[in-house]
Amino acid sequence: MGEKRRKTDQDQCRWGEMLLYLGVNREQFESIHSQVNRQNRRVLEAANLIAGIVVITLLGASCLPILSEFLGKFRAAFALSAIAFVIIRTMPELLGKNPRSTLICCYMMIGALYGLAILTGPVYDHENLSTTFLVMLFATPFLIVDIPVRVTLSSVIASFIFMIVSLANKEPGLLGYDVINCIIFLIASTLMDFYIQRLRISQMTYIRQIETERDTDGLTKLLTKDAGRTQIEEEMKAGRQGALIIFDLDNFKEVNDTYGHLIGDTILSAVGMILKQSFRAQDITSRFGGDEFLIYMSGVTDSELIEQRAAQIHDQMAELAAKLPGADTVSCSFGVAFFSADETQYLELFERADQALYSAKQSGKDQLQFY
């Protein structure tokens, strides 16, 4: 009985996910979260700029009769919207710069725009057709990057509120036109939303693939030197404490000279796999040079954890030595330096880790040294 109920719950979850991601590939969308987040933050920044202009305009309207007459009864609505945009723009800083908080703020911004369209339409201007709301329906797919179902749902909810407000404020003749126009534009907006969101997600996925190929070392499948440094600097700028590890293969040149570059490349490829298995998904692993690798363990300030990782790599290298000729002559040296939020730039941190690696080499190789 319990097994049958669990299977039913799983089927319901599967159908729910299929409905939610209708029109897009879920794996594609989840792989571009950072790009989606950046695009949505740009929209919030643009909304904040527009809100600032509106605030300045409203201040000017209090001094210039021409502007004051032009804004008229809409002044309060514009003022409330401008204040809302400024608040919404600052919220991601308070909630954290993650895609979910940015997405929430984007929907709040869209809600504020719909609210402004309803205020300037059926509430304040109930004697004319509500064209502002129709324009907003048309514009919504361009204001956010998200799965189409959620964007469409926001438009449907706004349209429902719009029709209720129109019913309470407009004459039957105008009400009929507004309802028909709203339904037509909602259908058009939904079709356009599914097309635009799918197109954007596909473009972002393609760009992501190109960036991944550019930033990935072809032999080890780790990050390249430049890509690794960029990501480490981002962690440092965010103030996240961590440990920088320089990992070097001792005596690797002898392998190339004795067994050839093909065997050397095979060892390097295997080392790349070992590093991927030994470190966490959030750790930054990159190939710095020929036989040197760079690892940044974000949030790690415990030397014991790093010693465990080094021991794990030593064990896996020993297993590799039993499989590949020449691998038994290769050992591992590690240099480690810790980064704290109140200190240094990348080059200074790298120099300290490099000095620790030099000490490991000078002390006989095949060991771990902390700065």
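Mentor: A charge sits over a ring if NZ of Lys or CZ of Arg is within 6 Å of the ring centre and within 35 degrees of the ring normal. Keep that in mind. This model is predicted.

Trainee: Which ring does the charged end of K225 sit over?

Mentor: The ring of F288. The charged end of K225 is 4.7 Å from the centre of that ring.

Trainee: Now two rings together. What describes a pair of aromatic rings?

Mentor: Two values: the distance of the centres and the angle of the planes. In this structure, eight aromatic pairs are counted. Take F133 and F162, which are stacked. Their centres are 4.2 Å apart, with 5° between the planes.

Trainee: Where in the chain do F133 and F162 lie?

Mentor: F133 is in helix α7, residues 131–139. F162 is in helix α8, residues 148–169. They are 29 residues apart, and the pair links distant parts of the chain. Both F133 and F162 are buried. Ring pairs also join Y114 to F133 and F162 in a cluster.

Trainee: How is the pair of Y346 and F350 arranged?

Mentor: Y346 and F350 are stacked as well, 6.2 Å centre to centre and 25° between the planes. Both lie in helix α14, residues 346–362. They are four residues apart, about one turn of the helix.

Trainee: Are Y346 and F350 buried or exposed?

Mentor: Use the cut-off: buried means under 20% relative accessible area. Y346 has 6% relative accessibility, so Y346 counts as buried. F350 has 16%, so F350 counts as buried too.

Trainee: What tends to happen to nonpolar side chains in soluble globular proteins?

Mentor: They tend to be buried together. Here, the largest nonpolar core has 30 residues. F247, L249, I267, L275, I313 and M317 have the most contacts inside it. The elements giving two or more residues to this core are β1, α11, α12, β3, α13 and β4.

Trainee: Which element gives the largest share of this core?

Mentor: Helix α12, with seven residues. Now look at F247.

Trainee: On to polar side chains. What does the side chain of S298 contact?

Mentor: The side chain of S298 makes a polar contact with the side chain of E235, at 2.7 Å. S298 lies in strand β3, residues 292–298. S298 counts as buried because its relative accessibility is 13%. Beyond residues up to four places away in sequence, S298 touches several others, including R240, R280 and D283.

Trainee: Where is D146 found?

Mentor: In the loop between α7 and α8. D146 has a relative accessible area of 0%, so D146 is buried. The D146 side chain makes a polar contact with the side chain of R150, at 2.7 Å. Not counting residues up to four places away in sequence, D146 touches F29, L103, Y107, V151, Q197 and I201.

Trainee: Last, the backbone. What is phi of K365 near?

Mentor: Near 65°, a positive value in a residue other than glycine. K365 lies in the loop between α14 and β5. D366 is found in the loop between α14 and β5 too. D366 has a positive phi of about 50°, although D366 is not a glycine.

Trainee: Why does D366 count as partly exposed?

Mentor: Because its relative accessibility is 40%. K365 is partly exposed as well, with a relative accessible area of 34%.

Notes:
Residues numbered from 1 in each chain as written. Predicted model: local features only at pLDDT ≥ 70, side-chain atom pairs only at ≥ 80, totals over all residues. Heavy atoms only, no water. Phe/Tyr/Trp six-rings, centres within 6.5 Å; stacked < 30°, edge-to-face > 60°. Buried < 20%, exposed > 50% of the residue type's maximum accessible area, 1.4 Å probe, protein only. Polar contact = N/O pair within 3.5 Å; in protein donor to acceptor, adjacent residues only side chain to side chain. Contact = heavy atoms within 4.5 Å. Core = buried A, V, L, I, M, F, W, Y, C linked by side-chain atoms within 4.5 Å.
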